[in-house]
Amino acid sequence: MTDSYRHKGLRKKLVQHLKEKGISNSEILEVIGLIPRHFFLDKAFEERAYEDIAFPILSGQTISQPFTVAFQTNLLEIKPKEKVLEIGTGSGYQASVLALLKARVFTIERQKSLFDFSQKMFKSLNLPQIRGYYKDGYKGLPSFAPFDKILVTAGSDNIPDALLQQLTIGGVLVIPVGDNEDKTMLRITRKTTDEFVQESFGIFRFVPFLKGLNDEII
Ligand code: SAH
């Protein structure tokens with residue numbers, strides 16, 4: 001695939017649209033302006049890759065809407081060199097955004113097809129610093145904990161304790177949570193070992209956060 005002037009122009013328009021929708025962090029806007037989102041999509045969606053919508057990817061999953069990517073990234077307040085864990089690699093687009101913000105990115109996916117696809121993407125985009133794992137993200141990544149930031153990009157019906165326990169003191173978990181399709185975007189900050197502060201930021205829709213790997217649902 002190529003990244004043409006036309007794609008770049010469409011990306012500029014997307015950035016403008018995100019600004020109008022209230023995304024003001026210039027670093028995030030710049031990164032979204034740089035990453036060729038059409039590379040992450042099936043060829044069939046190439047023409048529409050810079051519309052602000054979610055698209056189907058492999059295994060019945062979706063690449064999040066650009067507004068959602070920008071919104072979640074903004075809540076994380078990423079600083080260079082921070083250790084960030086993403087749960088739900090999917091296409092690898094969100095992980096690429098985090099990497100261009102200079103985070104040290106760890107990302108977990110439970111669908112083998114998407115794990116393989118995203119690994120190829122990180123190679124072809126020359127982002128070898130992103131470490132991808134084919135694992136059940138419900139358990140986090142204890143061997144590399146603690147993390148400064150943890151981002152869940154699938155809709156959860158609860159807040160997994162394992163993720164809270166893998167935050168640094170001062171660390172932040174961003175996770176969409178709810179007991180039906182509408183999930184409330186939560187930001188949870190670990191103030192001390194056992195003190196957490198929770199903030200809510202509106203309603204979003206996501207594919208479900210599931211337990212287990214795709215071939216051994218528990
Ligand atoms: N961040 C992705 C969006 C992916 S959609 C992107 O930028 O494209 C959410 C992803 O979470 C799906 O790929 C789904 O398979 C994955 N997922 C759901 N439950 C999971 C779990 N327990 N562990 C790891 N990944 C999970």
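Where does Ser59 lie? I looked it up in what is a predicted model. Ser59 sits in the loop between S1 and strand S2 (62-63).

I checked the phi of Ser59. It is positive, about 55°, although Ser59 is not a glycine.

I turned to Lys102. Its phi is near 75°, again a positive value in a residue other than glycine. I found Lys102 in the loop between H4 and S4. Lys102 is exposed, because its relative accessible area of 57% is over the 50% cut-off.

Most peptide bonds are trans. The bond joining Ala145 and Pro146 is cis, with omega about 5°. I placed Pro146 in the loop between strand S5 (131-134) and S6.

**Entry: strand S3**

How many residues of strand S3 are buried? I went through residues 83-87, and five of the five are buried, so S3 is largely enclosed by the rest of the structure. I sorted the residues by face. Lys83, Leu85 and Ile87 cover one side, Val84 and Glu86 the other, and all are buried.

Next I traced the chain onward. It leaves S3, passes through helix H4 (residues 93-100) and reaches S4. I recorded this β-α-β crossover as right-handed.

Which strands does S3 pair with? I found five bridges from S3 to strand S4 (residues 104-109), and the two run parallel. I found four bridges from S3 to strand S6 (residues 147-152), also a parallel pair. I followed Glu86 in both directions. In S4, Glu86 stands opposite Thr107. In S6, its bridge partner is Leu151.

**Entry: Glu46**

I moved to the loop between helix H2 (26-34) and strand S1 (55-56), where Glu46 lies. Is Glu46 buried or exposed? Glu46 has a relative accessible area of 14%. That is under the 20% cut-off, so I logged Glu46 as buried.

What does the side chain of Glu46 make a polar contact with? I found the side chain of His7, at 3.0 Å. I then listed the contacts of Glu46, leaving aside its neighbours within four places in sequence. They are Met1, His7 and His38.

Terms used: Residues numbered from 1 in each chain as written. Predicted model: local features only at pLDDT ≥ 70, side-chain atom pairs only at ≥ 80, totals over all residues. Heavy atoms only, no water. Buried < 20%, exposed > 50% of the residue type's maximum accessible area, 1.4 Å probe, protein only. Pairing = 2+ DSSP bridges. Right-handed = clockwise from strand over helix to strand, strands pointing away. Polar contact = N/O pair within 3.5 Å; in protein donor to acceptor, adjacent residues only side chain to side chain. Contact = heavy atoms within 4.5 Å.
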